[in-house]
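Please look over the structure shown here before reading on. The notes below it are meant for someone who has not seen it before.

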Amino acid sequence: MTASLNARNAIVALVIAGLLLLPLYSSMTGNIFVLTLFTRIVIFALAAASLNLIMGYGGMMSFGHAAYLGIGGYAVGMLAHEGIGSGFVQWPVALAASALFALVIGALSLRTRGVYFIMITLAFAQMAYYVASGLARYGGDDGLTIYKRSDFGGLINLSSRVQFYYLCLACLFGGIYLIWRIVNSRFGMVVQGLRSNEQRMQAIGFPGNRYRLVCFVISGTMCGLAGALLANNTDFVSPASMYWTRSGDLMVMVILGGMGSLFGPVIGAIVYLVLEEFLSQVTEYWALIMGPLLLLIVLFGRGGIVGLLGRLRRG
Amino acid sequence: MADPLLRVEKLVRRFGGILATDNVSLDVARGELHAIIGPNGAGKTTLISQLTGQLLPHSGAIYLAGQDITKVPAYRRSALGLARSFQITSLLSDFTAADNVALAAQAHDGHSFHFWGNARKIPHLRKTAQSALDRVGLGHRADVVVSRLSHGEQRELELAVALATKPQLLLLDEPMAGLGVTESARMVKLLQELRREVSIVLVEHDMDAVFALADRITVLVYGRVIASDVPAAIRQNEEVRRAYLGDQHAVTRHG
């Protein structure tokens, strides 16, 4: 058990060190592409980590998590379009809008469980998708180009690749630290207890849905932050960022890396997006290789890659 | 005994055309151990589920210490001092024994919207958990994950969880279910101690246990109360004997 934990910790430490040193490698080798790729990966890792909070720890299978990516992104994009370029306005609005959306969606969908919960969160995300498609003023279907990244005065320059990368990384690590605290707190114990046995939790006196809803909102807000980062990264936001396949990608990252493990989603995001990148260079039909690969990991690696690491060492 | 701790009045619950609870009325006095017996399918668990709020009755009323709780949701009944154990063990199976009990204590320690401090390091919750575990003889198993506890230990843990909520009334749904002879004996001994501290409603098939423990016994058949009296009177009751024809000797032989 300790040996397996050590193996897992070693991998996690390696990943953290790698992510921290990546810009150094990039500037030494002049490989800008790797920095661009990993900026994207880090942002998706944050989104996946936020999904992991409700899915892995809370047992809420949200199939509409990409909606927050879009909402966070559109908050930045729309404000920029209207001439409000300050990040100190854009980002709080992005977070607040995501939180509000999560509150409404959560209040309605948490009345259901299981497949119905999956379907209803999916339906709401698709609704957001179609609303964004109908925003003629903000590009509609074609999306909205952001001509200037969020302005944080002299504090940080988002147009600098390295600074922006480190900002994303700080958000990711901050998010994971927050999740770690939450999961071990009284609140986190209740949420995990509800995943384990809702009937029991009610019998000992917990009003389950209140705790679930707050968890849902925290998760949505965190994903909204990823959305704001993503919009700045691509200088563009479009309805496609909330399409249901995007929600599926996030789910796959979480399951691939390991549901309910702190760094699982980070590893999941790295593996998924790196594979996607390289396989799509090899063949147009990269999904044909990716699909079976995922299937194998889900079938044989219960607990995802992180779980697999633990068992490899034990056996 | 003017003011019973629990009063059930003309409770009715149907499942489709079946009357699972048919005008059930009963009183449980403070300090009493009240057993509910009846053949399989008599509606015992249905009745318990209505008492705890998992099921709502179609008509009738339930009072706890004089307060009408008929429509009070399950989680709030717990705050009012009602605790239950489940017929089929229902615990947080991926948590440790101590975590299970500590969560029960936490539920009665204000709201749980605390997002920062480590819940496993809150001294008074851990202490409550440890003393509840000690109480049922599981003190040495505190850090074992529930799924690795034996069935008997899980039954005892159910009790510890219920006790940690500091209940006025304990509803035990077949605590002896699936226990071996020695384990059953231990459970009876434990209940004998607990009854001095808390009022208990006990649903049980084990007639040895029921007649050894109960102050009063209510007999349910097809959802109806056919008798409610002290054990000696129940043993003599003709109607009860008839209801238990198949295992009549089970009622009469012991005691």
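What follows is a short briefing, grouped by topic.

This is a predicted model, in which local features need pLDDT of at least 70 and side-chain atom pairs count only at pLDDT 80 or more, while totals for chains, interfaces and linings use all residues. Residues are numbered from 1 along each chain as its sequence is written, and chains are lettered from A and ligands numbered from 1 in the order in which they are written.

**Where the chains touch**
- In chain A, 21 residues are in contact with 28 residues of chain B, contact meaning that the C-beta atoms of two residues, placed from the backbone, lie within 7 Å.
- On the side of chain A that touches chain B, at least two residues come from each of helices H6 (161-184), H7 (186-196), H8 (198-203) and H9 (208-234) of chain A, and H7(A) gives the most, with six residues.
- Helices (H or I, at least four residues) and strands (E, at least two) are DSSP runs, numbered from the N terminus.

**The sheet of chain B**
- Four strands of chain B form an open sheet in the order E2-E1-E4-E5, with antiparallel pairing, where two strands pair if DSSP finds at least two bridges between them.
- Strand E2 (18-28) and strand E5 (67-68) of chain B are the edge strands, each of which pairs on one side only.
- Strands E1 (residues 6-15) and E4 (residues 59-64) of chain B are joined in the antiparallel sense over five bridges, and Glu9(B) stands opposite Ala61(B) in E4(B).
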